Amino acid sequence: MEKKERLIDVGMFYYAKDRAFSKQLLPNKQVSGVVGYVDETGQHGLIVTLHQKVGEWANEHTYDADDYYVPQCAASKQRSCIVWYIFQQKTKNLHDVRCTDSSVICYNYSENGIRQGEAFLGNKEEMSLICQNRYQINQALSLIPGAELLHPSYYWTGSLNFLEKDEECLCKAYAWVLNFNNGMSYSCNIEYYAYILPLLEF
């Protein structure tokens with residue numbers, strides 16, 4: 001029995017405007033991302049966006065926040081991440097957030113046809129799947145003008161590791177980073193600087 005070719009596979013180009021996937025770059029169409037993982041059904045998976053940032057998982061001022069929550073407008077993927085917010089002038093409006101929180105950066109990603117709220121920070125397991133396919137992903141990204149390649153460096157995941165108190169009784173938070181050079185994961189203080197890669201799911 002012949003194995004059927006999957007309709008969607010790692011390295012294919014994603015076009016958000018048409019919700020379409022292609023093995024080839026389509027002329028006069030804006031690429032939105034590259035398929036980074038596909039499950040065994042060949043119908044669901046993860047898409048790597050074309051741009052990334054370097055920043056903290058959350059900044060030091062997070063410790064002074066009286067409240068943290070996931071906004072009601074966030075999709076289920078954002079709810080699966082622990083999202084920390086700083087609110088200015090006692091408001092709880094997403095646009096008033098002034099911190100370098102990695103999940104907020106991913107939530108606000110709106111480039112190349114992707115709308116705000118569609119992208120998310122992948123958890124430890126999801127980022128590991130992307131890391132395993134990084135060579136195929138980079139081959140596709142290298143063909144897209146202006147796209148950033150995945151770096152052989154540290155990437156934040158949306159998975160918090162633990163909280164602890166130091167000698168001064170300050171609460172310190174740790175989250176998982178993934179080394180895209182060797183695939184190893186490490187627990188880092190949330191103020192560490194690492195790459196932040198927004199993902200999409202299909």
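On the face of helix 4 that is turned away from its buried side sit the exposed residues Tyr135 and Gln139. The structure is a predicted model, and its protein chain contains four helices and eleven strands. Of the 202 residues in the protein chain, 46% count as buried, and the accessible surface comes to about 11200 Å², with 50% of that area belonging to carbon and sulfur atoms.

**Helix 4**

- Helix 4 spans residues 134–141, and its buried residues are Arg134, Ile137, Asn138, Ala140 and Leu141. Viewed down the axis of helix 4, these buried residues fall within an arc of 160°, so they line one face of the helix.
- The partners against which the buried residues of helix 4 pack are strand 1 (13–15), strand 3 (33–38), strand 4 (45–49) and helix 3 (124–132).

**The sheet and the helices packed on it**

- An open sheet is formed by six strands in the order 2-1-3-4-11-6, and the pairing within this sheet is antiparallel. Strand 2 (20–22) and strand 6 (120–121) stand at the edges with a single partner strand each, so one side of each is left without a neighbour in the sheet.
- Strand 1 and strand 3 pair in the antiparallel sense over two bridges, and Gly33 in strand 3 is the bridge partner of Tyr14.
- Helix 3 packs on the sheet, where it touches strand 3, strand 4, strand 6 and strand 11 (198–201), and the direction of helix 3 makes about 105° with that of strand 3.
- Helix 4 also packs on the sheet, touching strand 1, strand 3 and strand 4, and the direction of helix 4 makes about 160° with that of strand 3.

**Helix 3 and Glu125**

- In helix 3 the buried residues are Glu126, Met127, Ile130 and Cys131. They cover an arc of only 145° around the axis, which puts them on the same side of helix 3.
- The face of helix 3 turned away from that buried side carries the exposed residues Glu125 and Gln132.
- Glu125, which is found in helix 3, has a relative accessibility of 53% and therefore counts as exposed, the cut-off being over 50%.
- Although Glu125 and Gly158 are 33 residues apart in sequence, their C-alpha atoms are 9.6 Å apart in space.

**Asp39 in a loop**

- Asp39 has its place in the loop between strand 3 and strand 4, and with a relative accessible area of 14% Asp39 is buried, because the cut-off for that class is under 20%.
- When residues up to four places away in sequence are not counted, Asp39 touches Arg6 and His44.

**Contacts along the chain and confidence**

- Among contacts in the protein chain between residues at least 6 apart in sequence, 59% join residues that are at least 24 apart.
- The protein chain averages a pLDDT of 80, and 71% of the residues score at least 70. Over residues 61–76, however, the pLDDT is below 50, and this stretch has 32 contacts in the model beyond near neighbours in sequence.
- Residues 79–100 form another stretch where pLDDT stays under 50, and for these residues the model has 61 contacts beyond four places in sequence.

Methods. Residues are numbered from 1 along each chain as its sequence is written. This is a predicted model: local features need pLDDT of at least 70, side-chain atom pairs count only at pLDDT 80 or more; totals for chains, interfaces and linings use all residues. Side-chain values use heavy atoms; hydrogens and water are left out. Buried means under 20% relative accessible area, exposed over 50%, partly exposed in between (1.4 Å probe, protein chains only). Contact means heavy atoms within 4.5 Å. Accessible areas come from the Shrake-Rupley method with a 1.4 Å probe; for residues, only the protein chains shown count as cover. The arc is that of the directions from the helix axis to the C-beta atoms. pLDDT is the predictor's confidence in each residue, from 0 to 100. Two strands pair if DSSP finds at least two bridges between them. Axes are lines fitted to C-alpha atoms, for helices over the stretch in contact, and angles run from 0 to 180 degrees between N-to-C directions.
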